[in-house]
Amino acid sequence: MTKRTALYLPVLHAGYEAFLTRHADSEEILLLGVGFHALFPKLGKEIRALSPERAAAHARLVVPGTPVRVVEPGELPGALAAEVVVVPDEEIMHRLVELPGFPERAEVRFDPAFLRWDREWSRATRPASFDGRVSRTALDRRFMARAQGEARRSSDWWRQVGAVAARDGEVLGAAFNHHHPTEYAPYVDGDPRNDFSRGLRPDLSTAIHAEASLVAQAARAGLELAGADLFVSTFPCPACARLVVESGFRRCYFAGPYSMLDGEGVLRAGGVELIWVDVDMDPGDAAPTPVSGAS
């Protein structure tokens, strides 16, 4: 069986090193050259990228026994003449194998390795892990119910999120995601996000997220949030995660378990403890074992 591997290699880090090593048994490893920028313009925006030739030189050090070369679009059909072609499972490579001239008889194998953020990885939602603590206490479930109740107040058609700040068993503040200058701005005048692709100009939006609104309200009231607990109906996005860290929240209780991009990593790096609140427990069940240290 003949095997060749193709990939876009902007940088070399542990993920790429592992990918290259896994496929060191290839007859050849092919790196996309600058000519592919015309086919995939986003590659030209990668300011951290090494030149393809420099990337190839580094790759040869990782797999010294495997030929590595840079290919341009016109060379691709001949370069990939093999029984099996391995590519990373990412958007660019899915589009690559659909190009005219791609070897039709080759068996394409997508290696599902996370190498960098692309459109599909950025849109993917992944279960957020917690720090080994699941809270079923009546108080935490009551705070979470309040957050979920706040979420239902949102007029957002796409996502409704509620957030509650609490300390020592008392609610400090609550908020939900909404829009400015009026609650129905995107439905009256249109949503400005419609004219931009995902990830482009996120500042051009009429929305304020629940966590951001909560922090802003506390600042206006002169209320200190350092050391408080945050209850959110949906896991914070990266921007809100940064606000949570900067505000000094010590714990983040959540029920909607999906983390986008690096939201979870931001909270962990900021020392915020993550706790799952089990809101689905049947009230008739036996009393749960208390979570040590939970509010």
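The model is predicted: local features require pLDDT of at least 70 and side-chain atom pairs count only at pLDDT 80 or more, while totals for chains, interfaces and linings use all residues. Residues are numbered from 1 along each chain as its sequence is written, and side-chain values use heavy atoms, with hydrogens and water left out.

The protein chain has ten helices and 15 strands. Both are DSSP runs numbered from the N terminus: helices are H or I with at least four residues, and strands are E with at least two. Buried residues make up 43% of the 295 residues in the chain. Here, buried means under 20% relative accessible area, exposed means over 50%, and partly exposed lies in between, with a 1.4 Å probe and protein chains only. Contact means heavy atoms within 4.5 Å. Of the contacts with a separation of 6 or more, 64% come from residues 24 or more positions apart.

Five strands form an open sheet. Their order is β3-β2-β1-β4-β5, and the pairing is parallel. Two strands count as paired if DSSP finds at least two bridges between them. At the edges stand β3 (68-71) and β5 (107-111); each has a single partner strand, so one side of each is left without a neighbour in the sheet. The twist averages 25° from one strand to the next. Axes are lines fitted to C-alpha atoms, for helices over the stretch in contact, and angles run from 0 to 180 degrees between N-to-C directions. Strand β4 (residues 84-88) runs parallel to β5, and five bridges join the two. Within this pairing, V85 stands opposite V108 of β5.

Helix α1 (residues 14-22) packs on the sheet. It touches β1 (3-7), β2 (28-32), β4 and β5, and its direction makes about 165° with that of β1. L20 lies in this helix. At 0% relative accessibility, L20 is buried. Leaving aside residues up to four places away in sequence, L20 touches L7, L12, I29, A59, V62 and V63. L20 and A59 are 39 residues apart along the chain, yet their C-alpha atoms are separated by 7.5 Å.

Helix α2 (residues 52-62) lies across β2 and β3. It runs at about 160° to β3. P52, A55, A56, A59 and V62 are its buried residues. Seen down the axis of α2, these fall within an arc of 105°, so they line one face of the helix. The arc is that of the directions from the helix axis to the C-beta atoms. The buried residues of α2 pack against α1, β2 and β3.

A further set of parallel pairings involves β15 (residues 273-277). Two bridges join β15 to strand β7 (residues 134-135). There, V277 is the bridge partner of S135. Strand β13 (residues 251-254) also runs parallel to β15, over four bridges. C252 stands opposite L274, and Y253 stands opposite I275. In a regular strand the side chains alternate between the two faces of the sheet. Both faces of β13 are covered, with R251 and Y253 buried on one side and C252 and F254 buried on the other.

Strand β12 (residues 229-232) pairs with β13 in the parallel sense, again through four bridges. V232 faces F254 of β13 in this pairing. From β12 the chain crosses through helix α9 (residues 238-247) to β13, and this β-α-β crossover is right-handed. A crossover has that hand if, with the strands pointing away from the viewer, the path from the first strand over the helix to the second runs clockwise.

Rings of Phe, Tyr and Trp (its six-membered ring) pair if their centres lie within 6.5 Å; planes under 30 degrees apart count as stacked, over 60 as edge-to-face and the rest as tilted. The count comes to five aromatic pairs. F231 and Y253 form a stacked pair, at 4.3 Å centre to centre with 5° between the planes. F231 is buried, with a relative accessible area of 0%. Y253 is buried too, at 0%. Ring pairs link F143, F231 and Y253 into a cluster.
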